[in-house]
Amino acid sequence: MPFEIEIKSLSDEGLGVGLLGKKKVYVPFSAPGDLVRVYKTRGKKRKILAEEFEFLRRSDLVVNPACPYAGKCGGCLLQHIPYDEQIRFKEAKLGRFLGMDIKVIPSPKIFGHRNRIDVVISTKGIGFRRYGTWWDAVEIDHCPVFGDSSGRVLSSLREFIEDHRVTLYELQKNEGFLRYIVIREGKFTGELMVNLVTSPGELPQEFPDYFDYADSVYWSVNRTPSDVSYGEIERFWGEEYIKEKLGDVFYLIHPNSFFQTNSYQALNLVEAVGRFSEGGRVLDLYSGVGTFGVYLARRGFEVEGIEINPFAVEMARRNAQINGVEADFKVGSDRDVGDLSRYDTVVVDPPRAGLHPKLVERILKDEPETLIYVSCNPETLARDLNQLSKKYSVLDAVGLDMFPHTPHVEVAVKLGLNRNQ
């Protein structure tokens, strides 16, 4: 039975929230003030998600999205919200979780800012997953949040498919040769990487010719049943890596290495970590490819990095080498760190699950003078800050909109040891 609701607020996940009696109904791509007729829902009890609906009235807050796929693609939930309102939404979100007023730095660019997109090559469409589904895709010819080169790469891909009649991914059957094309770009260097991810099979030898304008072209094979956009490297053409630059530091980008997806805002992030760092000796935990560690070493800090992924450690060492700095990166776990009292500053940038409890215990026991916590999940950050408050106080904090048009926000917090305890 269809029903009508007025959207009263946005949830922390960026969904519009209306009331049906005492039950909350969540409507994607909506805004406070919208009047919505809902035809089909999913879920029960506390959380009901609208799946089929129409807008009877749009809020005065709503703007026309710049992307033609907004409202279908699951990548950008908030393009219909003015950007200054997105920033206010994220500041309010941080305030609710952390109990602090934290200013969020807007992204220097809100289109053309992403340096990586993972495009599914499916029988449903070459593009991104339709919001709320894993079995459907929205056909795109470019991605505005990535930039112009996405259109050129996707055009070349379609030409390759038409010429060679290779099979596409059937999402529901988990069949087909072509799976994903991953596009990566150095925003400050202009270098372009194309990585085709397939299931096992034979790739026509002409494939790299369609992307002769890219600096690096890869073929990766996913030999598992998992629906993922990476695999074992089968072959590459051109450069083994592309480079990105943050300030005066270069970083090598490989298909299987992680790098912050918004280079313009990543520069603000590493600068914030640099400002927050104290003393001479720094431990960079969850060091990844050395994004923070190499940047700090460049500024004269004595840096050690610990990361559980051996390949990321190898990349961090290479990044230190190409920048001519000394930094000691090694493989290790967050729960097995040694004496932290040897360091003036400890930098942590954990996954969304936050810090391991044993690491929190170690920090509280060893009492390093300064702790810098970088997080993309304010909920687990709030949990960890509550534990750390036994011995630490927040000295500074800054939010960074790393992900425009999404509900996500990055935050860097500087904590200092309470000497009066």
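Colleague: How many helices and strands does the protein have?

Modeller: The secondary structure comes to 7 helices and 23 strands. Keep in mind that this is a predicted model.

Colleague: Ok. And what does the C-alpha trace span along its principal axes?

Modeller: About 60 × 60 × 35 Å.

Colleague: How does the radius of gyration sit with a compact globule?

Modeller: The two agree: a compact globule of 421 residues would come out near 22 Å, and the protein has 23 Å.

Colleague: What share of the residues is buried?

Modeller: Buried residues make up 55% of the 421.

Colleague: And the contacts, how many of those join residues at least 24 apart?

Modeller: If you take contacts between residues at least 6 apart in sequence, 61% of them join residues at least 24 apart.

Colleague: Switching to the strands. In what order do the 8 strands of the open sheet run?

Modeller: They go β7-β22-β23-β21-β20-β17-β18-β19, and the pairing is mixed. At the edges are β7 (104-105) and β19 (327-331), each of which pairs on one side only.

Colleague: Take β20 and β21 from that sheet. Parallel or antiparallel?

Modeller: Parallel, over 4 bridges. Strand β20 covers residues 345-348 and strand β21 covers residues 370-375.

Colleague: Which residue in β21 stands opposite Val346?

Modeller: That's Leu371.

Colleague: Now pockets. How much space lies in the second largest pocket?

Modeller: About 300 Å³. Its lining has 15 residues, and those nearest the centre are Glu51, Arg130, Tyr131, Gly132 and Thr133.

Colleague: Which strand gives the largest share of that lining?

Modeller: Strand β6, residues 47-57, which contributes 4 residues to the second largest pocket.

Colleague: And how does the lining split by class?

Modeller: For the second largest pocket you get 7 nonpolar, 3 polar and 5 charged residues.

Colleague: One more, about Asp212. Where does Asp212 lie?

Modeller: Asp212 is in the loop between β12 (192-198) and β13 (216-221).

Colleague: Buried or exposed, and why?

Modeller: Asp212 counts as exposed because its relative accessible area is 63%, and the cut-off for exposed is over 50%.

Colleague: How far apart are Asp212 and Pro68?

Modeller: In sequence, Asp212 and Pro68 are 144 residues apart. In space the separation is 28 Å, C-alpha to C-alpha.

Definitions and conventions. Residues numbered from 1 in each chain as written. Predicted model: local features only at pLDDT ≥ 70, side-chain atom pairs only at ≥ 80, totals over all residues. Heavy atoms only, no water. Pairing = 2+ DSSP bridges. Helix = DSSP H or I, 4+ residues; strand = E, 2+ residues; numbered from the N terminus. 1 Å grid on protein atoms, 1.4 Å probe; cavity = no way out; pocket = protein on both sides within 12 Å on 5 of 7 lines; lining within 4 Å. Points joined across faces, edges and corners; volume = space filled by probe spheres on them. Nonpolar A, V, L, I, M, F, W, Y, C, P; charged D, E, K, R; others polar. Rg over C-alpha atoms; globule rule 2.2 N^0.38 Å. Buried < 20%, exposed > 50% of the residue type's maximum accessible area, 1.4 Å probe, protein only. Contact = heavy atoms within 4.5 Å.
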